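Here are my comments on the aromatic pairs and on one helix packing. Please read them with the model open.

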Amino acid sequence: MMTKKQKEKVFNIIITVFACAAAILFLMPTVLTIANSFMTSTEISANYGSMLSNMTSDEKTFISDNVNLKFIPDKVTFEQYKSVLFKSPDYLLKFWNSVILTVPITFFQIAVAILTSYGFSRYPNKFKSIIFFAYIILMIMPYQVTLVPNFLVADKLGFLEETGNTALKQRLAIILPGIFSPFSVFLLTKVMKRVPKSYIEAAKLDGATEFQIMTRIHMPLCKGAIISVIMLVFIDYWNMVEQPLVLMKDSDLHPLSVFLSQINTGDIGLAFAVGVVYMVPTILMFLYGEDYLVEGITASGGLKG
């Protein structure tokens with residue numbers, strides 16, 4: 001009969017094996033995409049066959065015959081990346097469309113969230129509690145529910161009119177609702193409430209203003225949460241699809257997230273290369289802020305009220 005220590009050891013081994021299997025399963029699509037992006041067109045065709053054929057204006061027939069998943073190319077080539085980065089400017093144009101939309105949303109949403117969260121955490125009252133509860137209701141609602149009101153408001157503000165600077169208007173129709181998203185306010189408020197009041201009282205005795213208390217006490221102590229929110233907001237809007245499809249009439253302004261679904265209608269090899277290029281910003285961001293992301297989520301999840 002096993003002892004308690006032996007049971008714990010067996011349990012830890014089982015958990016470790018399960019975690020490794022889950023990690024491999026989740027990483028497999030990413031590794032497959034990266035590996036296939038370095039294959040030649042001939043090898044990709046031999047491994048996957050014709051993914052799309054018999055294409056007409058009304059019908060697409062998907063063929064799954066002769067599919068062979070390979071993680072190691074027979075011959076490494078950079079032709080797919082040359083086509084994406086140099087020969088086909090459409091892909092880079094869509095990439096920069098994603099940057100133009102995502103970066104302002106992330107920057108201004110975090111700025112608004114820091115100011116709002118500071119107000120919620122420093123001066124709580126019943127009225128602000130009601131407003132914060134409204135933030136929670138909006139946060140748990142699917143974006144598709146608020147998409148129609150956003151469309152109506154954008155239409156009333158003239159962002160959907162095809163006059164003047166239509167590119168700027170259509171981008172503002174997506175950027176402005178994104179700036180005031182409730183998710184970051186909710187998360188940062190929960191974290192800022194954790195700042196010890198003794199720090200604030202000591203700063204007041206030293207003559208610190210509210211702005212100095214926010215920038216020199218709250219923000220440094222909540223650095224991990226702020227960076228984790230930046231990462232989550234950036235990834236969320238980097239992958240957005242519904243907003244551009246509904247609020248942007250000009251397809252030339254669509255981000256790469258929307259354009260990705262159209263790539264495999266031509267050369268499937270390009271789809272792998274574009275997919276890798278599309279993943280680079282989020283992967284780099286995760287590698288830089290992994291510890292902050294875990295810290296921020298842990299801090300917000302362990303708070304009350």
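**Notes on rings, charges and a helix crossing**

1. Start with Phe38. Its relative accessibility is 22%, so Phe38 counts as partly exposed. Bear in mind throughout that this is a predicted model.

2. How many aromatic pairs does the structure hold? The count is 10. Phe38 and Tyr81 form a tilted pair, because their ring centres are 5.2 Å apart and their planes stand at 40°. That angle falls between the cut-offs, under 30 degrees for stacked and over 60 for edge-to-face.

3. Look at where these two partners sit. Phe38 is in the loop between α1 (4-36) and α2 (41-48), while Tyr81 belongs to helix α3 (residues 79-87). The pair therefore ties together parts that are 43 residues apart in sequence. Tyr81 has a relative accessible area of 12% and is buried, whereas Phe38 is partly exposed.

4. Next, Trp238 and Tyr278. Their ring centres lie 5.6 Å apart with the planes at 25°, so this pair is stacked. Trp238 comes from helix α11 (residues 223-238) and Tyr278 from helix α14 (residues 268-301). The pair therefore ties together parts that are 40 residues apart in sequence.

5. Are Trp238 and Tyr278 buried or exposed? Trp238 is buried, at 1% relative accessibility. Tyr278 is buried too, with a relative accessible area of 10%. The cut-off for buried is under 20%.

6. Trp238 and Tyr278 also belong to a cluster.

7. Two lysines deserve a look. The charged end of Lys94 sits over the ring of Phe259, at 5.3 Å from the ring centre. Lys193 places its charged end over the ring of Phe132, also 5.3 Å from the centre.

8. Now the helix packing. Two packed helices are described by the angle between their axes and the distance between the axes. Helix α4 (residues 89-122) and helix α8 (residues 182-192) have axes that come within 8 Å and cross at roughly 45°. α4 and α8 are therefore oblique to each other. The crossing of α4 past α8 is right-handed.

9. Which residues of α4 and α8 meet? On the α4 side they are Gln109, Ala113, Ile114, Thr116, Ser117, Tyr118, Phe120 and Ser121. On the α8 side they are Ser184, Val185, Leu188, Thr189 and Met192.

Methods
Residues are numbered from 1 along each chain as its sequence is written. This is a predicted model: local features need pLDDT of at least 70, side-chain atom pairs count only at pLDDT 80 or more; totals for chains, interfaces and linings use all residues. Side-chain values use heavy atoms; hydrogens and water are left out. Rings of Phe, Tyr and Trp (its six-membered ring) pair if their centres lie within 6.5 Å; planes under 30 degrees apart count as stacked, over 60 as edge-to-face and the rest as tilted. Helices (H or I, at least four residues) and strands (E, at least two) are DSSP runs, numbered from the N terminus. Buried means under 20% relative accessible area, exposed over 50%, partly exposed in between (1.4 Å probe, protein chains only). A charge sits over a ring if NZ of Lys or CZ of Arg is within 6 Å of the ring centre and within 35 degrees of the ring normal. Axes are lines fitted to C-alpha atoms, for helices over the stretch in contact, and angles run from 0 to 180 degrees between N-to-C directions. Angles under 35 degrees count as roughly parallel, over 145 as roughly antiparallel, 65 to 115 as roughly perpendicular and the rest as oblique. A crossing is left-handed if the near helix is turned anticlockwise from the far one by less than a right angle, and right-handed if clockwise. Contact means heavy atoms within 4.5 Å.
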